[in-house]
Amino acid sequence: MGEDDDSHPSEMRLYKNIPQMSFDDTDREPDQTFSLNRDPTGELEYATKISRFSSVYHLSIHISKNFGADTTKVLYIGLRGEWTEFRRHEVTICNYEASANPADHKVHQVTPQTHFIS
């Protein structure tokens with residue numbers, strides 16, 4: 001939502017899951033770009049691409065253009081969606097054996113078995 005003049009944003013870019021994003025990172029391809037219409041009352045909604053925004057833990061919004069003023073004025077940004085708790089899973093260090101080590105698998109046999117072939 002913005003003023004009803006040329007300072008209203010006309011383009012918005014969304015970037016997901018880039019926690020340390022800076023203005024230098026806005027050169028990369030955004031996950032989605034919106035061409036905005038003037039909306040001084042905040043009634044318009046813009047739908048995101050569901051396939052790209054199904055798992056977002058960090059959202060960066062870049063207002064790249066307005067309707068011609070020297071500065072851009074944003075009055076309100078509303079977000080809609082479902083919140084789920086983010087659980088960070090650290091990398092688990094695992095060792096896998098290419099073949100079993102017989103020393104690790106001790107078999108306790110009291111009487112050895114012998115098979116006779118006649």
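Are Glu 45 and Arg 80 buried or exposed? Both Glu 45 and Arg 80 are exposed. They belong to a predicted model with three strands and zero helices. Along the sequence, the pattern reads β-β-β. Four salt bridges are counted, and one aromatic pair turns up in a search of the whole structure.

**Overall build**

- The protein has 118 residues, and 19% of them are buried.
- Its accessible surface is about 10500 Å². Carbon and sulfur atoms account for 49% of that surface.
- Take the contacts between residues at least 6 apart in sequence: 66% of them join residues at least 24 apart.
- Strand β1 covers 9-16 and β2 covers 32-35. Strand β3 spans residues 59-66.

- Opposite charges on side chains can pair when the charged atoms come close.
- Glu 45 and Arg 80 join their side chains in a salt bridge, at 3.1 Å from N to O. Glu 45 sits in the loop between β2 and β3 and Arg 80 in the segment after β3, so this pair ties together parts 35 residues apart in sequence.
- Arg 38 and Asp 6 form another side-chain salt bridge, at 2.9 Å from N to O. Arg 38 belongs to the loop between β2 and β3, while Asp 6 belongs to the segment before β1, so the bridge ties together parts 32 residues apart in sequence.
- Arg 38 has 36% relative accessibility, so it counts as partly exposed. Asp 6 is partly exposed too, because its relative accessibility is 37%.
- Glu 11 and Arg 13 also make a salt bridge, with their closest N and O atoms 3.5 Å apart.
- Glu 11 counts as buried because its relative accessibility is 13%, under the 20% cut-off. Arg 13, with a relative accessible area of 24%, is partly exposed.

**Around Arg 38, Asp 6 and Ala 69**

- Asp 6, the salt-bridge partner of Arg 38, is in contact with Ala 69. Ser 7 also contacts Ala 69. Neighbours of Ala 69 within four places in sequence are left aside here.
- Ala 69 is placed in the segment after β3. Its relative accessibility is 28%, so Ala 69 counts as partly exposed.
- Ala 69 and Pro 9 are 60 residues apart in sequence. Their C-alpha atoms are 9.6 Å apart in space.

- Ile 61 is partly exposed, because its relative accessibility is 32%.

**Backbone at Asn 17**

- Most residues other than glycine have a negative phi.
- Asn 17 is not a glycine, yet its phi is positive, at about 55°.
- Asn 17 lies in the loop between β1 and β2. With a relative accessible area of 22%, Asn 17 is partly exposed.

Notes:
Residues numbered from 1 in each chain as written. Predicted model: local features only at pLDDT ≥ 70, side-chain atom pairs only at ≥ 80, totals over all residues. Heavy atoms only, no water. Helix = DSSP H or I, 4+ residues; strand = E, 2+ residues; numbered from the N terminus. Buried < 20%, exposed > 50% of the residue type's maximum accessible area, 1.4 Å probe, protein only. Phe/Tyr/Trp six-rings, centres within 6.5 Å; stacked < 30°, edge-to-face > 60°. Contact = heavy atoms within 4.5 Å. Areas by Shrake-Rupley, 256 points an atom, 1.4 Å probe, with all protein chains shown as cover.
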